[in-house]
Amino acid sequence: MRVFLVSHCAAAPVTGRPDEAGDLERCLSNDGRLQAAAICRHLGGAPLDAIYAGPSLPARATAAVIARELAIEASSSDDAAAHAAAAAAAVDAAALAAIQEQAWAEIEALKEQHPPEARLVLVSDAAAIGAIVCRALSLDLADAGRFEIAPASVSLLEFRGQRTLIAALNHVCHLDGLG
């Protein structure tokens, strides 16, 4: 199974909590919408089986744009509390450990739900993606500061039987020329 870890695109200030995809997409800034389009071009070369989004507004908005452009239904994370803490408490080690456990549990659940050849997209916050990468590499969470997860970046996990590989980390070439 291949899981594309997409760090959400640049967000715009938002009032209220949009519920519909059109409203949700307004959560992205103009730059964020351009970034999302670039991600679509990057991911659009091969069919994707599903798109999942963490509960943060920028993650949901990024996933909504990708889903619309690539004609796939986006699903939101079930555990808003764990991911919502990511942006607010990324510097707190205990909160980051909880985020890592929840995010990895979601990945394990996706592995159970999808066949080994599935290609999935998971859109989330940089802190959650960094925690997932640390878990995949058996690194201590303190080592998350040794690599960058940029906005609108794409990282790739590959699950081959019992092996977990990082096939790409913080890929941003699709953003070249956006400014």
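Q: Which residue takes a positive phi in the hairpin of strand 5 and strand 6?
A: This is a predicted model. In that hairpin, Gly-161 has a positive phi near 65°, and 2 residues lie between the strands.

Q: How many bridges join strand 5 to strand 6?
A: There are 6 bridges, and the two strands run antiparallel. Arg-160 has Arg-163 in strand 6 as its bridge partner.

Q: And what about strand 1, in which sense does it pair with strand 5?
A: Strand 1, residues 2-7, pairs with strand 5 in the antiparallel sense, over 5 bridges. Val-6 has Val-154 of strand 5 as its bridge partner.

Q: Is strand 5 mostly covered or mostly open?
A: Strand 5, residues 154-160, is mostly covered, with 6 of its 7 residues buried.

Q: Turning to cysteines, how many disulfides does a search of the whole structure find?
A: The search finds 0 disulfides. For Cys-9, the nearest cysteine sulfur is that of Cys-40, 8.5 Å away.

Q: Why does Cys-9 count as buried?
A: Cys-9 counts as buried because its relative accessibility is 0%, and the cut-off for buried is under 20%.

Q: What is the order of elements in the chain as a whole?
A: From the N terminus on, the order is β-α-α-β-α-β-α-α-β-α-β-β, with 6 helices and 6 strands.

Q: What share of the residues is buried?
A: Of the 179 residues in the protein chain, 49% are buried. The chain exposes about 8700 Å², and 52% of that comes from carbon and sulfur atoms.

Conventions: Residues numbered from 1 in each chain as written. Predicted model: local features only at pLDDT ≥ 70, side-chain atom pairs only at ≥ 80, totals over all residues. Heavy atoms only, no water. Buried < 20%, exposed > 50% of the residue type's maximum accessible area, 1.4 Å probe, protein only. Helix = DSSP H or I, 4+ residues; strand = E, 2+ residues; numbered from the N terminus. Pairing = 2+ DSSP bridges. Disulfide = S-S within 2.5 Å. Areas by Shrake-Rupley, 256 points an atom, 1.4 Å probe, with all protein chains shown as cover.
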